[in-house]
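Welcome, and please take a moment to look over the model below. We will walk through it together, one part at a time.

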Amino acid sequence: MKTILITGGAGFIGSHVVRLFVEKYPEYKIVNLDKLTYAGNLANLKDIENKPNYEFVKGDIIEGETILKLFEEKQFDGVIHLAAESHVDRSISNPTEFVFTNVIGTVNLLNAAKHIWKDTISEKKFYHISTDEVYGSLGEEGMFTEETRYDPHSPYSASKASSDHFVRAYHDTFGLPAIISNCSNNYGSYQFPEKLIPLFIHNIKNKKPLPVYGKGENIRDWLWVEDHAAAIDVIFHKGRIGETYNIGGFNEWKNIDLIRVICRVMDEKLGRPGGESEKLITFVKDRAGHDLRYAIDASKLKNELGWEPSLQFEEGIQKTIDWYLENKEWLNNVTSGDYQKYYEKQYVKR
Ligand code: NAD
Ligand code: TYD
């Protein structure tokens with residue numbers, strides 16, 4: 001049996017990756033290491049938490065000694081590293097936390113892998129999950145390819161860029177078998193309602209203002225989170241060591257247009273008169289250093305490994321809105337803070 005470490009598995013994307021691997025690969029033991037910050041929620045994994053090939057470990061990647069002991073004890077065959085501070089606005093108010101988790105935390109994992117795997121390193125795999133935001137901002141034309149020069153602007157993207165460089169450095173210097181992927185904006189179930197799509201669904205439902213930064217003209221490429229998890233599966237198993245793969249939805253939206261779609265679909269689903277939710281749109285001060293446009297060219301991944309997004313955006317956004325409307329308890333617990341008691345209830349008393 002192979003033992004795979006997934007870090008940040010209680011978060012948004014991590015929980016989808018953990019679920020996919022636990023269900024698809026009963027021959028693997030999946031260890032989910034997560035600190036359970038505000039963004040970590042074990043209720044995201046309620047449906048698989050009792051599976052025999054799944055184990056949760058509460059731990060902080062900032063603690064190097066703890067990470068080393070975990071690697072020694074579990075003898076991982078591979079690592080999929082998603083744990084991170086992930087929200088740009090929080091990185092603007094508290095950059096240091098992003099350096100600790102995203103940079104030092106990643107280096108601690110790399111050190112543990114290098115140290116514990118030393119004699120068998122060629123049989124192992126360290127897969128680092130990153131973002132398209134490391135490439136900076138585009139004008140009206142062009143797309144990010146794997147060759148695009150790094151040009152991060154926010155403290156979040158600077159910390160992710162730094163972690164990517166460390167992963168490459170450990171590959172080049174110590175022969176660590178590493179792979180990196182850089183993905184565009186994800187949307188779907190279990191996303192913490194601080195990011196645009198779940199925040200706006202939540203606010204529309206509760207008839208609260210929708211704070212649109214600047215004029216809403218910034219452009220993002222949106223990918224359904226389960227398609228990201230499927231890409232991670234393909235890259236982990238078939239990706240070439242030392243390579244970078246871009247992952248994207250081929251699905252660019254200007255924020256204001258996307259917001260209008262969410263308003264329209266929400267009006268339909270909530271039985272409100274057309275145009276009602278759009279009245280909640282409130283233009284607010286722009287985010288500092290706000291990147292204008294991200295667009296990902298994911299053709300390397302498509303041509304080499306055959307991955308493509310499975311879902312069109314109109315279907316994906318319908319599914320996503322349905323999920324947040326149906327999972328009232330999840331949304332209420334997350335917005336009230338009650339979700340943080342789940343760990344105590346399910347794990348500490350066991
Ligand atoms: P998230 O904020 O939802 O989840 C992050 C998880 O990491 C949480 O469960 C949190 O508890 C855990 N964590 C944070 N600090 C930790 C620490 N010090 N030790 C251990 N665990 C810790 O993030 P997400 O949106 O699921 O993103 C996951 C990864 O994917 C991140 O590396 C992010 O940079 C990358 N990514 C995200 C997107 C996106 O659109 N959300 C796009 C591309 C790449
Ligand atoms: P976000 O979901 O925070 O992702 P990222 O900043 O990593 O792309 O934001 C997506 C876009 O939506 C981004 O251009 C900022 C904008 N935005 C708003 O206009 N209002 C909001 O309240 C939020 C959270 C984001």
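With which residue does Lys124 form a salt bridge? The partner is Asp77, and the closest N and O atoms of the two are 3.9 Å apart. Keep in mind as you look that this is a predicted model. The pair joins distant parts of the chain, 47 residues apart: Lys124 sits in the loop between helix H4 (95–116) and S5, while Asp77 sits in the loop between helix H2 (64–74) and S4. Lys124 counts as buried because its relative accessibility is 10%, under the 20% cut-off for that word. Asp77, with a relative accessible area of 24%, is partly exposed.

In general, side chains of opposite charge can pair when their charged atoms come close. Another example brings together the side chains of Arg90 and Glu194, at 2.7 Å from N to O. Arg90 belongs to helix H3 (residues 88–93) and Glu194 to the loop between S7 and helix H6 (196–205), so this pair ties together parts that are 104 residues apart in sequence. Here Glu194 is buried, with a relative accessible area of 14%, and Arg90 is partly exposed at 32% relative accessibility.

A further salt bridge links Arg240 and Glu304, whose closest N and O atoms are 2.5 Å apart. Again distant parts of the chain are linked: Arg240 is in the loop between H7 and S10, and Glu304 is in helix H9 (residues 299–305), 64 residues apart. Arg240 is partly exposed, with a relative accessible area of 42%, and Glu304 also counts as partly exposed, at 35% relative accessibility. Elsewhere, Lys29, Glu55, Glu73 and Lys74 are linked in a network of salt bridges.

Now let us turn to the sheet. Seven strands make up an open sheet with parallel pairing, and their order is S3-S2-S1-S4-S5-S6-S10. At the edges stand strand S3 (54–58) and strand S10 (244–247); each has a single partner strand, so one side of each is left without a neighbour in the sheet. From one strand to the next, the twist averages 20°. Look at strand S1 (residues 2–7) and strand S2 (residues 28–34), which pair in the parallel sense over six bridges. Leu5 stands opposite Val31 in S2, and the bridge partner of Ile6 in S2 is Asn32. S2 is mostly covered, with six of its seven residues buried.

Helices come next. Helix H1 (residues 12–24) is mostly covered, as ten of its 13 residues are buried. Among the buried ones are Phe12, Ile13 and Phe21. Their cover includes S1, S2, S3, S4, strand S7 (185–187) and H7. Helix H5 (residues 155–174) lies across strand S5 (125–131), strand S6 (178–183) and S10, and runs at about 155° to S5. Helix H7 (residues 225–238) packs on the sheet as well, touching S1, S2, strand S4 (78–81), S5, S6 and S10, and its direction makes about 145° with that of S5.

Lys160 is buried yet has no salt bridge, and the nearest side chain of opposite charge, Asp164, is 5.7 Å away. Leaving aside neighbours within four places in sequence, the residues in contact with Lys160 include Asn102, His128, Ser130 and Thr131.

Notes:
Residues are numbered from 1 along each chain as its sequence is written. Chains are lettered from A and ligands numbered from 1 in the order in which they are written. This is a predicted model: local features need pLDDT of at least 70, side-chain atom pairs count only at pLDDT 80 or more; totals for chains, interfaces and linings use all residues. Side-chain values use heavy atoms; hydrogens and water are left out. Two strands pair if DSSP finds at least two bridges between them. Helices (H or I, at least four residues) and strands (E, at least two) are DSSP runs, numbered from the N terminus. Axes are lines fitted to C-alpha atoms, for helices over the stretch in contact, and angles run from 0 to 180 degrees between N-to-C directions. Contact means heavy atoms within 4.5 Å. Buried means under 20% relative accessible area, exposed over 50%, partly exposed in between (1.4 Å probe, protein chains only). Lys and Arg count as positive and Asp and Glu as negative; His and the chain ends are not counted. A salt bridge is a side-chain nitrogen of Lys or Arg within 4 Å of a carboxyl oxygen of Asp or Glu.
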